[in-house]
Amino acid sequence: MADEAALRALLLKGLAGEEAAHRKFLTEAAALLRPYFRNRLRGAREDAEDLVQETLVALHTRRDTYDPNLPLTAWMYAIARYRLIDLLRRKKRRGDHSAIDDLEIGDADPAFEAGDAKRDVARLLAKLPEKQRRAIELVKLQEHSVEEASRLTGYGVSDIKVSIHRGMKTLMKLMAEESAA
Amino acid sequence: MKTDDLIDMLAKNIEPAERPRWRMRTMLTLLAGLAIAVALVLTFMGMRPDIGTATWAVLLKAAFSATAAASVLPLAMRLMRPGSPLGWRVAAVLLFVGVSILATAIALMGMPSGLRLRSWMGGGFPWCIVLIPIFAAPAAALMVWLARSLAPTRLTLSGAAIGALSGGLGAMAYAMYCPVDSVAFVTTWYVVGIAICAAIGAIVGSKLLRW
């Protein structure tokens, strides 16, 4: 598993636009987040995988809030912790205390492989506003570049980029709402 | 969707991130909030009529309020980015409060006892503790909007910091109208007004700042 320095290097390369480095960063982050959430949500394995996914989107959309002068793992776990607390607050507001009752910090779960998430992100993508959904489908799910997507939709290049970014933020909100339901 | 597929989607076709320029954006946001507050004071309260002779008093009160805002600014900016240690930034706020209390005590002690109460209370109810939060509201709203585009993870504390910061700006604007110039009044009630802004911010922060 990647250490602090390796993880930080991957994120910074990702910020510079290197797709492979960013993919590796998210993969390594997921491997660290999985036991983090599983230990805190014992008995709710699928909730944990939902939170892993939600946090990955959060790390991705907010990656420019990372200050390169500070430790990367502190940044990452601060976001993870916030997503967890946000989930528990939402559940509490809905009168569902199961996740909070399950919450205990115990031994690490020995199995760290990716489980299945309860929710289906693909289905949530369909709920996005038309423009954001189109931009994400073309650029992030199909093999189109931003320029091609701009040509196909008639929107400007920066419009496509903004729509993707906004769409990802909206997606994270939808994920958070659903996991609390 | 499997987590690996989600990661593929997130990473695909990423572009180099633009430099976020948080400092610049924060400064512009604060300036806009201050400008709106000044416009509100001038429209609804009016500049104090004796501004010709009171220019220095107004400037000093505005400078005091600006110092209050400046003492909270590093903390507020830190809280918008996850996992950043706060360190001396909390101490800066406490130092400002401590110096204000000390200044109040010194000002009151250097004054004949018969005048103290009047000088401290400004001869009536200190309306600034109501008006400062009102004029702080536009800056607070703009700052919340900015903060939500970053990633605050300690919402109550972030809300308090944004409240206090906006309170400092609201007090700067309010100083144009405020007719009371005694030191003890300003170092007490302006600080209380700003603290009320911080308290409101702490209460609504955990709702408004969620992302």
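Helices here are DSSP runs of H or I with at least four residues, and strands are runs of E with at least two, numbered from the N terminus. With that in mind, chain B has eight helices and zero strands, and its elements read α-α-α-α-α-α-α-α from the N terminus on.

Before I go on, please keep in mind that this is a predicted model, in which local features need pLDDT of at least 70 and side-chain atom pairs count only at pLDDT 80 or more, while totals for chains, interfaces and linings use all residues. Residues are numbered from 1 along each chain as its sequence is written, chains are lettered from A and ligands numbered from 1 in the order in which they are written, and side-chain values use heavy atoms, with hydrogens and water left out.

Let me start with chain B as a whole. Its C-alpha trace spans about 75 × 35 × 25 Å along the principal axes, and of its 211 residues 49% count as buried, where buried means under 20% relative accessible area, exposed means over 50%, and partly exposed is in between, with a 1.4 Å probe and protein chains only. If we take contacts (heavy atoms within 4.5 Å) between residues at least 6 apart in the sequence of chain B, 83% of them join residues at least 24 apart.

For one residue inside, consider B:Gly168, which lies in helix 7, residues 155-174, of chain B. Why does B:Gly168 count as buried? B:Gly168 counts as buried because its relative accessibility is 0%. Leaving out residues up to four places away in sequence, B:Gly168 touches B:Ser65, B:Ala69 and B:Ile194. B:Gly168 and B:Leu34 are 134 residues apart in sequence, yet their C-alpha atoms are 9.4 Å apart in space.

B:Trp127 sits in the loop between helix 5 (113-121) and helix 6 (128-149) of chain B, and B:Trp127 counts as exposed because its relative accessible area is 53%.
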